[in-house]
Amino acid sequence: GGCRRSEKLGAAEGHAQARSELRSVLAGLGITVADDQIPAGGIMFRRSVPRLRETEDRLVTALLGDAAGQDQGGNIWYYENTNGWAWCRGGGSFEIMVLVGGGSLEEQMEKGGLHARREGEKFVCLLGNEQVFNCTFTIGQRAGGIYLSGRCLLGEPEEGERVDCSDVATLLLGFCDRVREAGGVFSRVDGIKTGYVLNTTASGMELTPAWQRATD
């Protein structure tokens, strides 16, 4: 037990020293970043996301009740009943109009497998606790109902290739270089979030590990 605690303490001290050294290097470049904004890094995975009609049906059913899907061609499905209608398209984009609600909309979304976190005026989809940065949707009033529109994971992500995100210094310094090469100017990193972006590929969709950085 004591040996394991000692290893953990040694690892924590190593991370703290690495963060301190990284902050010093960034300071030399005129960039400030707080210790608690530097992620620990680690192993993440690329994930293929095959589109599943079951996932789609579960979401539509949770919000509208039973509604028969109609294949419109071009990887587009349309649903409609007396409670509203829905369009689900390739690439994860969707529109749902709820004319007659059945309780808390956010509870219905969770029941339908649409896991998301509110960020200002929009919702960002989640995979576990990680955000999928480009899977966002909005909710608003429209024509006597509630209208949801945006992009979500219309499939079940499958674990794939390992991606080593443990070299935090290289990733962060590489980002600084790319921004400056593009003519960008910043002096402060306000926040770094780990997560994913959803990309469309020849074989379907893929979640790629990514970092979202906020600067001044």
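## Surface and overall shape

The protein chain exposes about 12,000 Å², and carbon and sulfur atoms supply 48% of that area; accessible areas here come from the Shrake-Rupley method with a 1.4 Å probe, and for residues only the protein chains shown count as cover. This is a predicted model, in which local features need pLDDT of at least 70 and side-chain atom pairs count only at pLDDT 80 or more, while totals for chains, interfaces and linings use all residues. Residues are numbered from 1 along each chain as its sequence is written, and side-chain values use heavy atoms, with hydrogens and water left out.

Let's look at the overall dimensions. The C-alpha trace of the protein chain spans about 60 × 50 × 35 Å along its principal axes. Its radius of gyration is 21 Å, whereas a compact globule of 216 residues would have one near 17 Å. That radius is taken over C-alpha atoms, and the globule rule is 2.2 Å times the number of residues to the power 0.38. Of the 216 residues in the protein chain, 35% are buried (buried means under 20% relative accessible area, exposed over 50%, and partly exposed in between, with a 1.4 Å probe and protein chains only).

## Helices, strands and contacts

The protein chain has four helices and 13 strands. Both are DSSP runs numbered from the N terminus: helices are H or I with at least four residues, and strands are E with at least two.

Contact means heavy atoms within 4.5 Å.

Strand S8 covers residues 122–127, and five of its six residues are buried. On one side, strand S7 (residues 116–119) runs antiparallel to S8, joined to it by four bridges; two strands pair if DSSP finds at least two bridges between them. Within this pairing, Ala116 stands opposite Cys125 in S8. The S7 and S8 hairpin has two residues between its strands, and Gly120 takes a positive phi near 70° there.

S8 also pairs with strand S9 (residues 130–142), again in the antiparallel sense and over four bridges. Here Leu126 has Gln131 in S9 as its bridge partner. The hairpin of S8 and S9 has two residues between the strands as well, and in it Gly128 takes a positive phi near 65°.

## The nonpolar cores

Which residues have the most contacts inside the largest nonpolar core? They are Leu63 and Ile96, in a core of 33 residues. A nonpolar core is a set of buried Ala, Val, Leu, Ile, Met, Phe, Trp, Tyr and Cys residues joined through side-chain atoms within 4.5 Å. Helix H2 (residues 53–64) gives the largest share of this core, four residues. Apart from this core lies another one, of 13 residues, including Val168, Cys176, Phe186 and Ile192. As a general background, nonpolar side chains tend to be buried together in soluble globular proteins.

Not counting residues up to four places away in sequence, Leu63 touches Ile96, Val98, Leu105, Gln108, Met109 and Leu148.

## Salt bridges

How many salt bridges does a search of the whole structure find? The search finds eight, where a salt bridge is a side-chain nitrogen of Lys or Arg within 4 Å of a carboxyl oxygen of Asp or Glu. One of them joins the side chains of Arg53 and Asp57, at 3.3 Å from N to O. These two residues are four apart in helix H2, so about one helical turn separates them. Arg53 is partly exposed at 27% relative accessible area, and Asp57 is partly exposed at 29%. Arg51, Arg53, Glu56 and Asp57 are linked in a network of salt bridges.

Elsewhere, Arg89 and Glu95 meet in a salt bridge at 3.0 Å, N to O. Arg89 is partly exposed, at 26% relative accessible area, whereas Glu95 counts as buried at 17%. Arg188 forms a salt bridge with Asp190, with the closest N and O atoms 2.5 Å apart. Arg188 is partly exposed at 38%, and Asp190 also counts as partly exposed, at 34%.

## A look at Arg162

Arg162 is found in strand S11 (residues 158–164). Is Arg162 buried or exposed? Arg162 is exposed, with a relative accessible area of 56%. Leaving aside its neighbours within four places in sequence, Arg162 is in contact with Ile43, Met44 and Phe45. The C-alpha atoms of Arg162 and Pro209 are separated by 9.7 Å, and the two residues are 47 apart along the chain.
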